[in-house]
Amino acid sequence: ILSFVFSTAQEPMNKSEAHTVTEFVLLGFPGDWEIQILLFSLFLIVYILTMIGNGAIICAVKWDQRLHTPMYILLGNFAFLEIWYITSTVPSMLENFLSETKAISFTGCFLQFYFFTSLAATEVYFLCIMAYDRYLAICHPLHYPIKMTLQRCYTLISVCWVLGFLSYSLTTVQLSQLTFCGPNIIDHFICDLDPLMALSCAPAPTTEILFYIINSLIIILTAIYLLGSYILLLRAVLRVPSAAGRRKAFSTCGSHLAVVCLFFGSLMIMYVSPTSENSGEAQKIITLFYTVVTPFLNPLIYSLRNKEMKAALRKLIRISSE
């Protein structure tokens with residue numbers, strides 16, 4: 001349906017414009033052929049490791065009955081989300097490294113933009129319900145089995161996916177209906193908002209303001225919620241009588257908070273604060289943090305540091321090697 005909408009979005013323009021853009025050129029990262037091959041190899045390794053790490057978590061949660069609890073079900077679904085999130089950008093980036101034309105179709109560009117932004121929004125919502133789950137488990141352990149049942153867990157997961165894919169649906173269609181009559185060169189490795197808005201033939205302040213409001217509401221409100229959740233978690237950790245228990249809890253919360261800050265910090269720089277002062281290369285590097293780095297780190301931070309998860313993964317490796 002979205003493919004049909006984006007492909008037909010150009011029809012009104014064809015009647016009034018002598019030339020309309022049918023494809024975009026993603027410049028990606030600069031460099032000669034040797035540099036492109038090096039970058040291709042690096043990002044391919046990161047992509048494969050991300051897929052293996054998140055895939056292993058999904059299999060462990062599915063096959064180990066001890067992990068059929070809300071916390072691990074959330075982690076398994078989060079790993080599934082990360083696979084699709086990194087797949088929305090990295091495969092096209094890898095193709096771009098080896099391409100001579102570096103072209104992407106009009107429809108393909110806006111489909112990538114829609115899935116990339118929708119999956120990013122879904123990840124933001126997932127981080128919130130995961131923080132809520134940990135808050136209940138640590139701050140209200142007696143009420144946790146009542147408040148976080150499996151049914152409620154699956155309901156929250158469904159809400160995250162639905163909200164994530166609804167958040168940018170109308171605005172993406174609206175963006176695709178702008179007039180693009182050339183040039184068609186995007187100085188980026190993905191189809192992102194600012195480069196696309198810059199290529200529009202006519203100013204579109206309404207669309208730009210609408211995106212800014214949606215981005216700000218989603219990012220800032222969820223960041224405040226997460227910050228408040230971690231403050232309450234840290235307060236609860238400080239009351240733990242055991243020094244070893246406090247160190248372990250601080251280590252876990254600290255690593256979680258570091259990844260959250262990396263993810264939200266880069267999102268705020270790109271979509272909430274003005275980006276006109278950032279060079280094209282700086283924007284590419286910032287984008288890498290929330291498109292490639294955090295999906296790569298999340299399996300290590302959220303799951304592989306967990307004792308039960310590591311035991312389940314070892315069991316999974318033994319079964320697969322037999």
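# Close-up views of a predicted model

**View 1. Leu217 sits in helix H11, which covers residues 205–238.** The model is a predicted one: local features need pLDDT of at least 70, side-chain atom pairs count only at pLDDT 80 or more, and totals for chains, interfaces and linings use all residues. Residues are numbered from 1 along each chain as its sequence is written, and side-chain values use heavy atoms, with hydrogens and water left out. Helices (H or I, at least four residues) and strands (E, at least two) are DSSP runs, numbered from the N terminus. Is Leu217 buried or exposed, or in between? Leu217 counts as partly exposed because its relative accessibility is 48%. The scale runs from buried (under 20% relative accessible area) through partly exposed to exposed (over 50%), with a 1.4 Å probe and protein chains only. Leu217 belongs to a nonpolar surface patch with Ile209, Tyr212, Ile213, Ile220, Leu221 and Ile224. Together these residues have about 680 Å² of accessible area. Patch members have over 30% relative accessible area and no salt bridge; like charges are joined within 9 Å, and nonpolar side chains (Val, Leu, Ile, Met, Phe, Trp, Tyr) within 5 Å. A salt bridge is a side-chain nitrogen of Lys or Arg within 4 Å of a carboxyl oxygen of Asp or Glu. Areas come from the Shrake-Rupley method with a 1.4 Å probe; for residues, only the protein chains shown count as cover.

**View 2. The whole protein has 14 helices and three strands.** It has 322 residues, and 47% of them count as buried. Its accessible surface comes to about 15,900 Å². Carbon and sulfur atoms hold 69% of that surface. Among contacts (heavy atoms within 4.5 Å) with a separation of 6 or more, 81% are between residues 24 or more positions apart.

**View 3. Cys109 and Cys191 form a disulfide.** Their sulfur atoms are 2.0 Å apart. The term covers a pair of cysteine sulfur atoms within 2.5 Å. The link is left-handed, with -125° about the S-S bond. It joins distant parts of the chain, 82 residues apart. Cys109 is in helix H6 (residues 106–139), while Cys191 is in the loop between strand E3 (185–186) and helix H10 (193–199). Both Cys109 and Cys191 are buried.

**View 4. Another disulfide joins Cys181 to Cys201.** The S to S distance is 1.8 Å. The torsion about this S-S bond is about -140°, so the disulfide is left-handed. The pair links distant parts of the chain, 20 residues apart: Cys181 lies in the loop between helix H9 (169–176) and E3, and Cys201 in the loop between H10 and H11. Cys181 counts as partly exposed because its relative accessibility is 24%. Cys201 is partly exposed too, at 34%. How many disulfides does the rule give? The count is two. With the bonded cysteines numbered in sequence order, the pairing is 1-3, 2-4.

View 5. Cys128 counts as buried, at 11% relative accessibility.

**View 6. Phe24 and Tyr302 touch the most other members of the largest nonpolar core.** This core has 89 residues. Its largest share, 17 residues, comes from H6. A nonpolar core is a set of buried Ala, Val, Leu, Ile, Met, Phe, Trp, Tyr and Cys residues joined through side-chain atoms within 4.5 Å. In soluble globular proteins, nonpolar side chains tend to be buried together. Beyond its neighbours within four places in sequence, Tyr302 contacts Leu75, Phe78, Leu127, Met130, Tyr230, His256, Val259 and Val260.

**View 7. Asn298 is placed in helix H13, residues 280–303.** Asn298 is buried, with a relative accessible area of 4%. Which residues does Asn298 touch, not counting those up to four places away in sequence? They are Phe78, Glu82, Glu123, Val259 and Ser303.

**View 8. Ser266 lies in helix H12, residues 243–271.** It counts as buried because its relative accessibility is 5%. Apart from residues up to four places away in sequence, Ser266 touches Cys261, Ile286, Phe289 and Tyr290. Cys261 counts as partly exposed, at 49% relative accessibility.

**View 9. Lys102 has a positive phi, near 55°.** Most residues other than glycine have a negative phi. Lys102 lies in the loop between helix H5 (90–98) and strand E2 (103–105). At 16% relative accessibility, Lys102 counts as buried.
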